[in-house]
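Subject: Structure handover

Hello,

Here is the structure for your files. My notes on what was found follow below it.

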Amino acid sequence: MMTFDQNAFLIISTASMIAISCGLLGVFMMLRKMSMTGDAISHAVLPGIVIGYFISGSQRGVEVIIGAGLLGILATLIIDFLRKKAKVQLDASIGITFTLLFAIGIILINLLAYKVDLDQECVLYGEIAYLPIDLWITNSGFSMGPRITWLALLNLLLVGSFIFLLFKELKLTSFDEGFGMVMGIPAGAINLALMSMVSYTTVSSFDAVGAILVVALLVVPPATAFLWTKDIKSLIKLTIGIGIGISVLGYYLAFWADSSIAGMMVTVGGAVFLISAVLTSKKFKFRLGTQSNQEAFNS
Amino acid sequence: MEDFLYFFSFQDSSIAFIVLGITILGIGSAYVGTFSFLDNKALLGDAISHSVLPGICLGFLLAGEKNPYYIVGGAIVSGSAATFLTSWLKSNTKLSEDSIIATVLSTFFGLGIVLLTVIQKTGNPEMAGLNQFIFGNAIGILEEDLWVYGGLSLIIILSLSLLMKEFSLLVFNQEFGRAIGYPMDFIRLVFNILMILSVVIGIQAIGVVLMAALLITPGAAARFWTDRLSTLLILAGLFAVISGITGTYISFVLPKMPTGPWVVVCLSFLALISFLFAPKKGILFRYISRRKYLRKTHRDHVLKSLFKATEEGKKGLNKNELLSLYPHHKKETLGSISYLLKHNQLNNIQGLIELSESGRTEAKRIVRLHRLWESYLNEYMNIAPDHVHDSAEKLEHLITPELEELLDNRLRYPKLDPHQENIPRDHDDI
């Protein structure tokens with residue numbers, strides 16, 4: 001049954017688009033040493049999604065996206081508040097914030113279970129496998145194809161143009177915030193914009209891969225790419241490549257093992273990361289003899 | 001209310017048993033978590049707690065049922081793998097620590113999800129029990145499981161208490177510990193094992209996703225109340241126990257509700273109270289003491305201006321003259337004047353505000369400190385006389401009598417400051 005049919009194409013392309021959007025943002029999150037903040041945001045949007053869902057009565061409402069966006073920004077503000085006003089160290093602020101917001105989300109899901117057709121499992125691993133049957137049907141009854149694919153495409157376009165338009169600003173503020181400020185770049189606003197894009201991407205990908213696995217797509221491909229290169233342009237290209245690669249491999253492996261596609265994508269990503277880490281690690285280079293003598297002496 | 005009484009009177013021995021279990025378990029996790037919080041490794045606990053999921057699933061697959069030994073064993077194996085991987089990646093790649101933790105955490109969790117869906121497809125009826133590990137269900141813990149988890153918690157609490165000195169060294173000053181001959185790497189290994197154990201037992205009640213809260217939040221909240229390690233540990237344990245029991249009670253009343261989220265909400269609420277209202281470190285306390293300090297400095301400035309006016313030969317200043325000296329601080333100035341009048345440092349004689357005897361002594365002290373500091377900066381730090389004023393403007397509120405004595409001594413009791421102004425002393429008038 002491991003064939004390349006229309007469903008496979010739809011799922012793989014949707015997964016790739018999600019992986020690319022996440023990866024593009026993830027590169028900048030990683031360069032800013034904010035990977036864990038990304039993790040926190042993707043957990044923290046959950047109550048926003050549930051409330052938006054409750055208000056609009058459907059998963060498709062704009063309210064869901066607005067709610068999640070607001071919660072994502074709220075999470076960054078709470079982290080900042082705890083760190084600066086209450087003087088809690090950064091990692092603890094992140095830990096406290098996301099666990100609280102995620103807990104509230106889970107409680108809301110349970111309280112509103114009769115009204116909201118969300119369950120805890122959807123939060124965990126999404127339902128990309130059901131993508132071909134979840135169609136976007138226009139008012140006139142014309143089927144436009146899978147809804148999630150359209151969402152992913154829109155998300156990719158937005159993230160892509162966000163990165164393309166603000167590339168210089170993002171790059172500068174990621175590497176040297178002080179210099180960026182001197183150049184007249186509003187670092188705070190850029191940061192907030194990036195966080196909003198991360199929240200939006202989380203919501204948009206939520207249906208497909210679940211809240212927690214979005215983190216993996218945000219973090220793992222950029223981290224893998226970073227093992228191989230330091231140049232930001234090749235970093236982005238490599239991240240995109242890895243995103244597509246793990247989507248294809250993940251789909252077929254999930255098919256073979258009869259398991260969650262999103263989970264398998266992440267597992268494949270982790271394996272690629274681990275192999276890269278071993279291949280690029282200091283000890284391995286030493287064995288291959290590619291290390292300079294001085295470094296070999298030091299290790 | 002009936003539920004409340006039923007629950008807390010412990011008529012049902014199994015409830016009493018579970019509450020006891022949650023208490024030991026909360027103390028154990030909070031204990032370990034406080035140390036890792038102090039060690040600035042709060043998120044490592046998060047990574048470990050997400051990473052035990054594949055181990056739990058593997059244990060389940062191997063045993064074919066929810067056997068506590070297999071599950072704890074599997075969880076320990078995958079938690080150790082994650083911990084080892086984190087430290088290996090840290091020393092062998094150029095990735096930053098948070099990238100490493102986020103990568104390890106999400107990858108292991110992804111793997112766990114894959115295994116979980118595989119188990120789901122096998123249609124094993126005990127599958128439902130496995131879901132409890134994700135968001136926790138304290139009420140669902142079986143009595144025989146409780147023996148295993150309670151025993152492990154006791155081991156954690158005991159070993160942390162017995163090796164308190166070693167772990168304090170690890171957390172506060174590792175280099176010193178190494179220098180005086182402690183095997184720090186071994187101690188770290190033991191600590192990591194205890195952390196993994198505490199995660200493994202904690203997830204029963206609170207679940208893998210939210211376990212980080214049980215490790216981080218009690219320590220972070222307790223840190224606001226005390227600087228002593230022993231008090232810190234007791235408080236953190238107390239917070240964890242209160243939240244644990246609250247969460248258990250709620251999932252007892254609402255059987256479909258998982259325990260974990262409620263434990264976290266309760267913990268966060270306690271933490272919020274600590275952040276806001278704790279003495280000394282709380283936000284409210286710091287805000288109030290800052291306001292007090294600002295008011296005091298403003299009063300000092302008012303006294304100083306009045307003293308300067310007397311130096312220029314005036315008896316005092318009227319209200320409008322004083323207000324015009326601080327154009328943007330009308331409210332503060334009026335407040336300072338009425339405070340000083342009430343405390344008899346100023347006299348209001350027919351609209352003219354003058355220094356009283358005690359006010360004059362205080363004003364003299366401030367002006368003296370200001371000018372002494374200026375002299376010191378000028379003489380010892382070689383700062384030009386026109387650059388010393390700003391620093392003195394701040395230090396005049398802070399210099400203690402001891403410091404004043406020292407300054408006076410060093411400068412050999414000067415009469416004039418760098419601006420050739422008189423340095424006023426208490427017995428000048430005589």
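Chain A has 15 helices and two strands. Helices (H or I, at least four residues) and strands (E, at least two) are DSSP runs, numbered from the N terminus. This is a predicted model: local features need pLDDT of at least 70, side-chain atom pairs count only at pLDDT 80 or more, and totals for chains, interfaces and linings use all residues. Residues are numbered from 1 along each chain as its sequence is written, while chains are lettered from A and ligands numbered from 1 in the order in which they are written.

Chain A first. Of its 299 residues, 51% are buried (20 or more other C-beta atoms within 10 Å of the residue's own, with C-beta atoms placed from the backbone). Take the contacts in chain A between residues at least 6 apart in sequence: 68% of them join residues at least 24 apart. A contact means C-beta atoms, placed from the backbone, within 7 Å.

Next, the interface. In chain A, 50 residues are in contact with 46 residues of chain B. On the chain A side, elements giving two or more residues include α2 (35–44), α11 (211–228) and α13 (261–280). The largest share, 13 residues, comes from α5(A). By class, the chain A side has 29 nonpolar, 14 polar and seven charged residues. Here Ala, Val, Leu, Ile, Met, Phe, Trp, Tyr, Cys and Pro count as nonpolar, Asp, Glu, Lys and Arg as charged, and the others, Gly among them, as polar.

Now a helix pair in chain B. Helix α2 (residues 13–38) and helix α12 (residues 229–253) of chain B pack at about 140°, with axes 8 Å apart. Residues making the contact include Ile22(B), Gly26(B) and Tyr31(B) of α2(B), and Ala236(B), Phe239(B) and Gly244(B) of α12(B). The contact has 14 nonpolar, seven polar and no charged residues.

Last, helix α14 of chain B, residues 283–311. At 1.5 Å a residue, its 29 residues should span 42 Å, and the end C-alpha atoms are 42 Å apart, which agrees. The expected span is 1.5 Å times one less than the number of residues. Among the buried residues of α14(B) are Arg299(B), Asp300(B), His301(B) and Phe307(B). Their cover includes α15 (319–325), α16 (330–342) and α17 (357–380) of chain B. Just after α14(B), Gly313(B) takes a positive phi of about 100°.

Best wishes

Key. Buried ≥ 20, exposed ≤ 12 C-beta atoms within 10 Å, placed from the backbone. Contact = placed C-beta atoms within 7 Å. Axes fitted to C-alpha atoms, helices over the stretch in contact; angles between N-to-C directions.
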